[in-house]
Amino acid sequence: MSRSQTQDLQMKKPGGFGPKGSLGMPAEKPKNFRKTLRRLIKYLSPYKINLIIIFSMAVLSTVFSILSPKIMGKATTKLFEGFILKVQGIAGAGIDFSYILKILAFLSVLYILSSFFSYVQQYVMAGVAQKTVYKMRKDISEKLARLPLKFYDSHAHGEILSRITNDVDNISNTLQQSITQLISSLVTLIGVIVMMLTISPIMTLITFVTLPLSFIITVAVAKKSQKYFAAQQKSLGQLNAHVEEMFSGHKIIKAYSREEKSLKEFEQINEELYSSGWKAQFISGIIMPLLSFVSNIGYVLICVVGGVLASAKKLEIGDIQAFIQYSRQFNQPITQTANIANILQSTVASAERVFEILDEPEEESDESATDLINNVQGQVEFSNVTFGYSKDSVLIKDMNIRVEKGQTVAIVGPTGAGKTTLVNLLMRFYDIGGGKITIDAQDIMSMKRNSVRSIFGMVLQDTWLFSGTIKENIAYSNKDATFEQIVKAAQTAYADHFIRTLPQGYDTLINEQANNISQGQKQLLTIARAVLADPKILILDEATSSVDTRTERLIQKAMTELMKGRTNFVIAHRLSTIQGADLILVMNNGFIIEKGTHTELLEKKGFYAQMYYSQFTNSNSKDQAV
Amino acid sequence: MLKLFKNLKPYSLSVILVFTLIFVQVMAELYLPNLMSDIVDKGIAKGDTSYIFKTGAFMLIVAAIGVGCMIAASFLSSRIATGFGRDVRKKLFTHIENFSLNEFDRLSTASLITRTTNDITQVQMVLIVMMRMMAMAPMMCIGGIIMAVSKDPKLSLIIVFAIPIVVGAILLVARKGIPLFKTMQKKIDKLNLILREELIGVRVIRAFNKQFDEQERFNSSNKELTQTAIRVNQIMAFLMPFMMVIMNFITLAVIWFGAKRIDAMSMQVGDLMAFIQYIMHIMFSLIMVSMMFILIPRASVSAARINEVLETSPEIKDPHGNKLETELQNQRGTIEFRNVSFSYQGAAEPAIKDISFVANHGKTTAIIGGTGSGKSTIVNLIPRFYDVSGGNIFVNGIDVKDYTQKELRDKIGLVPQNTMLFSGSISDNIRYGNPSATDEEVAYAAKIAQADEFISSMPQKYDSQISQGGTNISGGQKQRLSIARALVRKPEIYIFDDSFSALDFKTDAKLRKELALETVSSTVIIVSQRVSTVMNAEQIIVLEDGKIAGKGTHRALMENCPQYREIVASQLSEEELK
């Protein structure tokens, strides 16, 4: 929250005049600031020349804008002199208009140049910043393609997504605004001091009196507000969690009439949020008035001391005016630098998260592995296969199975028994720990991953379709497929009929949530996709509960059609499939606990037999009412 | 957004005070240059040092008054804005708690969550900024103009020329920038969509060896976004330097024309210096106002989303007055559906049509059918999560609409399809069904639900904490706990909506056996897709496309209901059909 708010504020102030609400909010601290920063800078290295232009533009623009008050002061001084002379009634005396005009003309040039440089700097920075984050996103995307499945299974999607969107966005905003702001702040600070010194060392000293004051205030307030921001953040987190939980459980709350309990909890958290929230807002809100008070003290000091000095003719009147402007400029960069330091910190933290993804261990390169074996038959053998998702939990130990071409293997077991483990190994989504898996006697470890995967077709229950037309989705496996081939595949998968009843037929767009077609229809589409791919070995998940009976029958027919002439691994729920299988693998709690044919397993009287009887036989006995 | 700000009413006094304080502060701020010009014109010009000191001290007092006001205003505005946020949040939450499932369907749970959290935070933030900056900017602008005019009305004519140029520039950039900002948002959304698809579909993508095509898809979208982002930032790059040029040229103009006026002895130098500072205040306040144009549209989108919720009134309301009839006492829990039809909002087809049946006290009624056949709809109508579109539902002989929602739901123990547990201990979760249940009753319910075994294997037994969404226990364990939650209630009616699906067969069988003994004096409704779960019920209702296709016992249905036979055939093998 704090990050996105900072970001919001950033976006709202294209030139840095916006609300300074972000000051005092605790920024996330990166673990290794220097290393990450150096790496971030490396991303900018292709734009060295642009950056040099940007930096020099920023410096020039700032220098020019710093010069102007002093020059303008000269005009005022001249004015004053002329005025005084006139008041004193000296004949022929008056304001030296030609001198003033000269100065004003000079100032116009300065102003235009300063603004022009600042424009060029922002303009060039837009390209650099956006191209840098473009490269960053591209790198992540390429990296994602090289990461093993393990990475995907062990990270929440939302988290990965947030790194690529929010974090990269954060970096982009900082590059666009804060970096040049930092430069101009620093230049301003130095420049102003130099300018002030050239005008009057005594006055500069007086201005400096206010400096520690604003520094102390900034630090003290920021420190104090951090405490309340942390409390606010905590309450906000609790509140969000509560709201999320209560709204997701709305049905249960209604069913059990517990609205009051939920409300009471909500009110309590809400009240806590209020009490820490207003304090955080208040304390961070007083930093600006306090600093402007300090700056006003400086203002008064300048007026008074300057006035005294001017009356003693030790200072020009225009110099007072210049000092007033300088002292205003002087206080701004201090707050701004503190602010930017905060932003920079959270940016580096963002960059660190992005780099963490880029540093994840990749799949081993398989450049040197052999390509596709020609004319695959589809004979699969597991010899002494050992596997576990982590080193200390071995799920499969010394597994030996041999599946001949055209045979069907059924994988059965209760929900959550780890039936997808086998899929993961066959497709080389995960690599085995020991032993070997061969296809047509060739070790899959010696083949390119892509080659292994191209042998397989996969129809899983969590159907994945992308937002595109139905046609594109079926042709996913083969972009060059003709329309006739697509229709034919759809016909084989019994999907042609329902597709034609859709208003746009094959050109129907599947929307983001894919809720414009039913779950069963989605499954038919994935079957069509597999048909078009025409794999030698098939891995499929039989449809279960989420499909209506009529569609289920269609899916069943389509699957039977698809399975013909291929080697099949089926995650089976249907007894007829199980009984007809050449080999049944029984899984529970992630382990393969039994294997054999239906009759063999029944004779064994083990888990399978128990499962089989409790499902189908028990229900016939009359001692159960429910 | 204005509508939402009506909730500021209890704070109206504070708001007025904030405005007054800011007004004083602005006046103080604007008075300083005036004093400075006095120092120049009266002090320096005449060499009067004591006058300079006196005025300086006065300036300090003025500045102190200014800062005092501003801090007080900040104090008040923080309290107002966060208080406002708290009030609206509470109002919204209370309002949503009264929603029926209908409103949840329509507005979507996820969106309701964002509205209660992010949207309110957004509005609250803008409110603070508005009270701090926006109140100040117009006052500063107008005050600055007044002061400038009072210093020298003729010189003030410059402002008349300057303001249209500044406003014009802001509008120009806004007109070019805002559509581009919108396009950029769309492109960001698209990039996110692609990325999300790639994350979810990683297995399929790899299975089809499509990593590189996907990368290309991502990258072309990435490129498009980058181009737009560059364009947007290039346009925004123009705004600030342009403003600075205008402001600086106005200053130059002031000096030039001011010099002429001084030459004509109609103005003093100090006045000119003050005048320049007034002009600066005016211009900066204009820029601040332009900032508001970026802020307000965002907040008003949030405000509109909040208002939409507040304006949605829950469809289901409790009846007024007392029930006319008295409940049947001897057959508690009896449910009757009489010609019930129901359509979900905006659906073309009714989800269920003309459903009539009686579920009797002490008996089990099972409902079977495919997805979309209307099973869950029937279940949702009994606790009146939705109101029927036609026909009537009676519980204990009284129309469900004549009960208060609490009265009706207190009779029911519902075990929903998607088990939902709350963060808290296991005993908290079971006791959710009946807050006054004793420890023994909780343990007993857990035992019947076959949950005691895994609970006692946990280190803290019944005090073990369940994380939000119950992610630290398995699906089957969740289901058992939610069954225990219903049991501890000892309700007149049990509803099991596909509640045994995650249990392994052994546990399932055992649980149902013990459950049968426990529920003898209640009405039981079981929804399932598994024939083995329903076949022993006293009454089975077969649903197809929202209509009753058959009603009776397993045996009777096997004989006269082809749809039932079809379901059975698809699930059981030939030999079990005997």
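**Chat: a sheet, an interface and a helix pair**

Student: What order do the strands of the open sheet in chain B come in?
Tutor: The order is β6-β9-β10-β3-β11-β12, six strands in an open sheet with mixed pairing. Keep in mind that this is a predicted model.

Student: Which ones are the edge strands?
Tutor: In chain B they are β6 (412-415) and β12 (547-552), each pairing on one side only. On average, neighbouring strands of the sheet are turned by 15 degrees against each other, ignoring direction.

Student: And β3 with β11, parallel or antiparallel?
Tutor: Parallel: β3 (residues 364-368) and β11 (residues 539-544) of chain B are joined by four bridges.

Student: What is the bridge partner of Ile367(B) in β11(B)?
Tutor: Ile541(B).

Student: Switching to the two chains. How many residues are in contact?
Tutor: On chain B 135 residues, and they are in contact with 132 residues of chain A.

Student: Which helix gives the most to chain B's side?
Tutor: Helix α8 (residues 211-263) of chain B, with 27 residues. By class, the side of chain B that touches chain A has 74 nonpolar, 39 polar and 22 charged residues.

Student: Now chain A. How many helices and strands?
Tutor: Chain A has 20 helices and ten strands. It has 626 residues, of which 47% are buried. Of the contacts in chain A between residues at least 6 apart in sequence, 79% join residues at least 24 apart.

Student: At what angle do α3 and α6 of chain A pack?
Tutor: About 35 degrees, with the axes 9 Å apart; α3 covers residues 48-87 and α6 residues 157-199 of chain A.

Student: Is the crossing left-handed or right-handed?
Tutor: α3(A) passes α6(A) in a right-handed crossing.

Student: Which residues meet there?
Tutor: From α3(A), they include Ile54(A), Phe55(A), Val59(A) and Lys70(A); from α6(A), they include Ile183(A), Val187(A), Gly191(A) and Met195(A). The residues of this contact divide into eleven nonpolar, five polar and one charged.

Student: What's the mean pLDDT of chain A?
Tutor: The mean is 78, and 86% of the residues of chain A reach 70 or more.

Student: Where is confidence lowest, and where highest?
Tutor: In chain A, helix α1 (residues 2-12) is lowest at a mean of 31, while helix α4 (residues 97-146) is highest at 88.

Student: Which stretches have pLDDT under 50?
Tutor: Among them are residues 1-24 of chain A, a stretch with 63 contacts in the model beyond near neighbours in sequence. Residues 616-626 of chain A also stay under 50, and the model has 20 contacts for them beyond four places in sequence.

Key
Residues are numbered from 1 along each chain as its sequence is written. Chains are lettered from A and ligands numbered from 1 in the order in which they are written. This is a predicted model: local features need pLDDT of at least 70, side-chain atom pairs count only at pLDDT 80 or more; totals for chains, interfaces and linings use all residues. Two strands pair if DSSP finds at least two bridges between them. Helices (H or I, at least four residues) and strands (E, at least two) are DSSP runs, numbered from the N terminus. Axes are lines fitted to C-alpha atoms, for helices over the stretch in contact, and angles run from 0 to 180 degrees between N-to-C directions. Two residues are in contact if their C-beta atoms, placed from the backbone, lie within 7 Å. Ala, Val, Leu, Ile, Met, Phe, Trp, Tyr, Cys and Pro count as nonpolar, Asp, Glu, Lys and Arg as charged, and the others, Gly among them, as polar. A crossing is left-handed if the near helix is turned anticlockwise from the far one by less than a right angle, and right-handed if clockwise. A residue is buried if 20 or more other C-beta atoms lie within 10 Å of its own, exposed if 12 or fewer, and partly exposed in between; C-beta atoms are placed from the backbone. pLDDT is the predictor's confidence in each residue, from 0 to 100.
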